[in-house]
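Please take a moment to look over the sequence and the model before reading on, and keep both in view as you go through the paragraphs.

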Amino acid sequence: MNTQNTPVHIKLWHREFWLMAISSLLLTMSVYMLIPVMPQWLIHTENFTAEETGWSMGAFALGLYLFGGPCSWLVQRFRRNVICMHAVMTVGLAIGMLWYIDMLRSEFVEFWIIVAQRLLLGAAFGLAQMVLSSTLIIDTCESFQRTEANFSASWFARFALSLGPLAGLLTYPFGFHAVLVATIAMAAVSLLLIKIVKFPFRTPEEGVHVMSLDRFFLPHGFVLFVNLMLVSIVVGLLLSMSHAPMFYALMMGGFLLALLAQRFVFRNAELKSEVLTGLILMVAALIIMLVYPVSPVSPVLIGLSAGIIGSRFLLFFIKLSRHCQRGTSQSTYFLGWETGLSLGVGLGYLLFYKQTELLLYTALSLTMMALLMYHFFTHSWYVHNKNR
């Protein structure tokens, strides 16, 4: 049977791995806290139009790629943990720019300043997470545990998709500045956790080009990249809608169900069934939202679907990579997920602001496209091209 399991090693969960995983969670939460509240601040406080808000939120996606090319050179030229810490500090500074703008109050901020801030935030967050996922996390474990380490650590960042917006909404009643202080504090703690871990010095490789695809993008994973991005655009569209904190709490419940499902339901299931099930659950969630918008079932199904699909696609990228391309596969997965998420949020405000029904029908169409693409092309293509 064509199955694929990830074994569990208790020895993986040592102090250094915990610190890196929690650091990734806090860093991702610090960025995701802005998803539900920053657009409201831009529209209601800074007098941005829905279109300007959409462009601003979507600019984050472009920023993710700005340091991708020199990423490999940077971690070879300088200490990798130092590069990551500088990137995390830049995340904090970029969020601090919003705090400074919010405190001015005397005049409305220019559109281009917010776009520049989002580009900087995306660039810093992208570099930090690419170094974290492709290098630092696997540096804390043995070579035979690296796939499990990547798989497990990715769940911490995935939990931030519900915990981040939930924390943002719970803090927002105290003011947008309170949200920003909380996000900066999370970035600071993430930086401290990275600082605590001791990483051995590694001699830099010779002949590393300043710009390369190493640790950045896996060209022969483009099919998986597009299929994953279709799914994450749908998730981003849903996050652009106005939700109560309970929505994200229930979504977290869906993530926990996804963990249980992978351990017990899909343990020895046929490989294709996992992603197909996740996409069918996403279709069901969207239909429920169209028929019964306040149903508590839909956010659980969204979390369950995103958890199943996201974790399986991560393993697909790892299995697709060739020798010494594990870090590149991690970065490609990260870019596919985050690009789609940011584009979805941006498009939600740019094209579908206060048009919930049209947004849901569009999300449903994209999910069906992702389902058909995976069923009829992506899976068979992956099976014929995987290397592990």
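What follows moves from the whole chain to a few of its residues.

The model shown here is a predicted one. The C-alpha atoms fill a box of roughly 55 × 50 × 35 Å, taken along the principal axes. Is such a chain compact or extended? A compact globule with 388 residues would have a radius of gyration near 21 Å, and because the protein has 20 Å, the value agrees with that expectation.

Among contacts between residues at least 6 apart in sequence, 90% join residues at least 24 apart. Of the 388 residues, 61% count as buried, while the protein exposes about 15900 Å², of which carbon and sulfur atoms supply 69%. As for charge, there are 23 positive and 17 negative side chains, and the centres of these two sets lie 12 Å apart.

We can now turn to the interior. In soluble globular proteins, nonpolar side chains tend to be buried together. The largest nonpolar core of this model holds 137 residues, and those that touch the most other members are Met38, Ile114, Leu161, Leu238 and Phe313. Met38 is also one of the buried residues of helix α2, as are Trp41, Leu42 and Ile43; this helix, which spans residues 34-44, is mostly covered, with 9 of its 11 residues buried. What does Leu161 touch, once its neighbours within four places in sequence are left aside? Leu161 is in contact with Tyr32, Val235, Leu239, Tyr248, Met251, Phe255, Trp337 and Leu341.

Glutamate 46 is found in the loop between α2 and α3, and it counts as buried because its relative accessibility is 7%, which is under the 20% cut-off. Leaving aside neighbours within four places in sequence, glutamate 46 is in contact with Trp41, Ile101, Glu107, Phe108 and Val109, so its heavy atoms come within 4.5 Å of theirs. Asparagine 150 lies in helix α7, which covers residues 146-171, and this asparagine is buried, with a relative accessible area of 3%. Not counting residues up to four places away in sequence, asparagine 150 touches Ser133, Ile138, Leu314, Ile318, Arg326 and Gln330.

Conventions
Residues are numbered from 1 along each chain as its sequence is written. This is a predicted model: local features need pLDDT of at least 70, side-chain atom pairs count only at pLDDT 80 or more; totals for chains, interfaces and linings use all residues. Side-chain values use heavy atoms; hydrogens and water are left out. The radius of gyration is taken over C-alpha atoms; the globule rule is 2.2 Å times the number of residues to the power 0.38. Buried means under 20% relative accessible area, exposed over 50%, partly exposed in between (1.4 Å probe, protein chains only). Accessible areas come from the Shrake-Rupley method with a 1.4 Å probe; for residues, only the protein chains shown count as cover. Lys and Arg count as positive and Asp and Glu as negative; His and the chain ends are not counted. The place of a charge is taken as NZ of Lys, CZ of Arg, CG of Asp or CD of Glu. Helices (H or I, at least four residues) and strands (E, at least two) are DSSP runs, numbered from the N terminus. A nonpolar core is a set of buried Ala, Val, Leu, Ile, Met, Phe, Trp, Tyr and Cys residues joined through side-chain atoms within 4.5 Å.
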